[in-house]
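Please open the model in your viewer and keep the selection panel at hand.

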Amino acid sequence: MVEDEHSLFDYCERYFRHVGALQKPAPSDVLCVELPRDVDKELTDRPFYWMWVEAMNETPANTVLYLKFNPDSTDAEAPPESKPELVVPGCYRMLRLYASAKARGAFAAAYETGGVLFPYAVFVVKVSFVSDRRMDFLESYAIDLQTFQVYGDVIPELLNRALLDERPQHARLIATPIDMDKVFSLLLRCVRLDVEARDHQWAIDARRRLELELGRLDDYYTSLHEQTRVIDPQHILPHAAERELRIAEIVWRTEPKIEVRPLQMALVYLGAPPGPNATSALADM
Amino acid sequence: MRLAEETSGRRATAGLRPPACNRQPATAGLQPPACNRRPATADQQPLALILLTSNYFGSEGVLYTYHEHTELRTLLTEHGNMPVGKWSMFTLAYEAHQQSVSESFDELTCLGVLPGLVPFDHQIETARRVINDLHGRALLADEVGLGKTIEAGLVLKEYLLRGLVKKALILVPASLVLQWTRELGEKFAIPAFAQRNEWSWTTYDVLVASIDTTKREPHRSQVLSQDWDLLIVDEAHKLKNSKTRNWQIVNQLRKKYLLLVTATPVQNDMRELYNLINLLRPGQLGSQEAFRSAHVSSKRVPKDPRALRSAISEVMVRNRRLDGGVEFTERFVEALQVKLSPEEQGLYDAVTEFIRDEYVRRKERQRSVLSLITLQREICSSSYAAMCTLETMQRDKHLTTVELARLRELHHQAESVPNYTKVNRVIELVREIDDKVILFTEYRATQDFLLYMLQQSNIRTVIYRGGYKRGKKDWMKDLFEHRAQVLIATEAGGEGINLQFCNQVINFDLPWNPMRIEQRIGRVHRLGQTRPVHIRNFSTAGTIEEYMVTLLQDKIRMFELIIGELDVILGAKAFEDDLMRTFMESHDDAEVRARLSALSKRVQMRESSAGETCHGRG
């Protein structure tokens with residue numbers, strides 16, 4: 001398998017394992033899985049079918065997916081109840097799978113193994129610079145819930161630590177009351193500071209473009225107004241409305257905006273801080 | 001920059017909106033984007049969105065607005081304020097989010113996620129230019145067959161992935177609704193829906209609709225009441241006239257991005273180009289008066305091609321076949337001359353004589369000559385087609401007794417033609433080809449007649465015409481692909497459909513409009529065609545058709561040239577008018593030949609100067 005195929009295969013395999021899908025025998029480059037009903041609902045868009053199944057109290061057999069990652073993989077071993085399906089980047093199945101993972105993985109609790117463990121709130125945040133184009137940054141932060149120290153770019157570090165889904169038996173967790181509003185507020189302040197420090201030439205360009213476009217519109221409609229006033233006075237009002245609409249469209253499209261969107265949060269108990277680089281401590285805010 | 005002292009804690013139940021929303025429109029019909037529009041973000045979670053907005057100020061005023069989305073906080077509250085879930089799924093979600101991040105303003109992120117398509121370089125470059133340089137409002141004016149649909153699809157996909165477009169409307173001729181819907185799904189994995197009823201407008205995010213349906217109530221009100229992140233109009237030459245309802249509804253729609261797609265942005269008059277560009281960027285070419293004085297020398301000739309090219313380059317992209325980069329299969333053109341039977345020739349001569357007499361008389365009396373023009377062209381197509389018009393003309397109340405008698409005589413003569421030489425030759429040819437054939441005619445009467453004759457000869461044939469509803473057109477196309485050998489199409493029916501699985505075109509008659517000829521050929525000679533394309537033009541010896549084929553094929557060499565150029569060079573309607581005048585006002589064959597020769601020279605001379613005007617890459 002080439003790299004793309006391999007990484008898709010690996011992602012799908014992990015996803016199906018974590019959602020409890022039953023993996024069936026299949027060639028090594030194919031995934032054949034039987035889906036639990038809740039997963040099936042997320043991976044195939046057929047709400048009316050499920051409405052009917054539930055209304056009629058039906059118990060249909062679970063859906064079996066036979067996912068190929070290479071067009072040349074064999075279909076011969078596909079179970080009769082499934083239809084072989086080629087999975088490539090951007091295909092419908094992958095889009096549904098990502099959407100399902102995003103919904104299921106919005107929150108988590110995780111633990112390091114053994115010893116004394118301290119609580120951290122870990123966030124994944126998407127920052128977007130938007131005008132008529134868009135650029136995104138995926139940032140991650142960890143907030144020490146005792147000291148309110150904030151650590152940036154923590155996900156790579158945390159992925160290197162073997163975190164567990166269950167609390168280890170011999171670990172001692174440091175208990176701390178958590179004020180979620182305060183934690184979120186601190187997160188947003190930190191993000192804001194980071195965002196401010198970035199280069200905003202894109203916004204300056206967008207703002208300049210906006211002004212130019214508005215100026216051009218102004219010239220055009222002013223000349224149109226003059227002309228209409230003399231030749232065709234009853235068309236002045238429609239032109240004024242059209243002008244308002246065009247202005248609103250330009251502002252809608254071009255005005256520079258920054259969007260900050262926290263996407264995920266985890267409560268993680270760690271034996272040591274997730275990095276040396278504490279960015280700020282705003283406990284006194 | 002500093003944080004504004006007053007941070008707005010305004011909560012809205014819907015998403016971003018343009019600040020101009022507070023402005024009140026001066027009159028109904030045209031409204032600024034609605035304040036309660038949904039956010040244009042494809043990747044947001046399906047939650048009630050709470051938005052906090054604060055303004056940041058640069059030294060020169062507001063630089064950007066700052067929006068903090070707090071869906072996650074809301075969701076956490078719903079989960080009892082405690083994050084619960086598995087770390088392993090958390091990491092999978094993180095990887096999924098990484099997939100939907102646009103790491104750069106400039107790069108096309110969609111190229112890595114196109115399951116059913118490998119775009120050509122010029123298509124990628126066009127999409128990039130539309131997004132980065134033209135800021136999402138553009139006229140895509142590639143020549144026929146270069147994949148404008150793909151370019152528009154790439155732009156749509158990129159905007160969807162970047163979360164800049166959520167709600168998109170694609171307006172197309174009715175015959176292309178299913179084709180567009182299917183292509184977006186298969187090539188781009190975009191879940192597009194064909195508009196079916198008035199609920200479709202609010203139900204689906206990516207909607208493909210017929211422009212004719214859209215402009216009628218109750219659809220018109222529905223579509224105007226919404227904000228569209230992206231509007232794509234295919235066959236946008238139908239918006240050339242700002243007084244039409246087509247143009248007006250596109251002008252009234254509230255849209256962020258706009259793509260107009262047409263191979264023929266100018267057909268008859270430079271005002272058409274002005275009207276199209278005014279939809280994209282009002283004022284780009286100044287007021288109409290300013291445009292006329294700065295750019296228009298005569299109806300179709302610009303004052304300074306370079307200046308005009310520069311002005312439109314900010315809104316238009318035009319790729320030409322000649323620019324290279326795309327390998328097209330070969331195109332073989334052949335003229336097939338048919339000699340009429342004595343009865344057919346007699347009918348042709350009688351009808352032509354009648355038309356010449358009537359043309360002069362009607363011109364003198366300032367009466368319409370339209371039916372005469374139609375008749376002249378039909379008699380070249382088939383005597384059956386002419387027969388129908390002769391019958392209709394007899395109902396004209398202004399006819400004198402003599403004229404009526406003459407028309408009856410001609411009609412009777414047409415009825416008594418014993419055989420049809422041209423049709424018989426077509427049947428022979430279709431048998432010789434022994435492969436799928438598209439047979440084009442301009443006239444429905446000829447189409448019906450050909451269908452009948454081919455079926456009588458046991459040749460499986462389907463017809464395709466403008467009046468069919470889109471489901472029927474789709475069905476006919478499928479029948480042709482899988483069951484029939486011949487598709488008899490009119491241009492109106494064939495507009496925009498892709499028939500690359502066929503490589504044989506027969507022009508039973510030729511339209512006098514060069515663009516329509518290219519539209520015909522473009523159905524098969526386009527990207528995706530793997531075999532050489534064979535075009536056969538029928539011409540009947542000793543008729544106007546013979547001159548026509550000679551002029552178009554040999555003199556103007558339009559089948560060798562890329563005819564996409566000729567719309568600019570000729571002006572399609574003007575070309576038709578010139579031809580008609582040539583035929584009607586000439587007294588004999590020698591004069592016809594001399595005038596046609598002058599016409600072709602004029603065309604060749606214009607080629608170089610006008611070619612400069614619109615052929616720059618944008």
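The model is predicted: local features need pLDDT of at least 70, side-chain atom pairs count only at pLDDT 80 or more, and totals for chains, interfaces and linings use all residues. Residues are numbered from 1 along each chain as its sequence is written, chains are lettered from A and ligands numbered from 1 in the order in which they are written, and side-chain values use heavy atoms, with hydrogens and water left out.

Remain on chain B and colour by burial. Of its 618 residues, 60% count as buried (under 20% relative accessible area, 1.4 Å probe, protein chains only). In cartoon view, chain B shows 25 helices and 18 strands; these are DSSP runs, with helices being H or I of at least four residues and strands E of at least two.

Next, select chain A, which has eight helices and eleven strands. Buried residues account for 53% of the 285 residues in chain A.

Finally, select residues 3-104 of chain A, which form domain 1, and then 106-285, which form domain 2; the bounds come from an automatic or database domain assignment. The centres of these two domains of chain A, taken over C-alpha atoms, are separated by 33 Å.

Notes. Buried means under 20% relative accessible area, exposed over 50%, partly exposed in between (1.4 Å probe, protein chains only).
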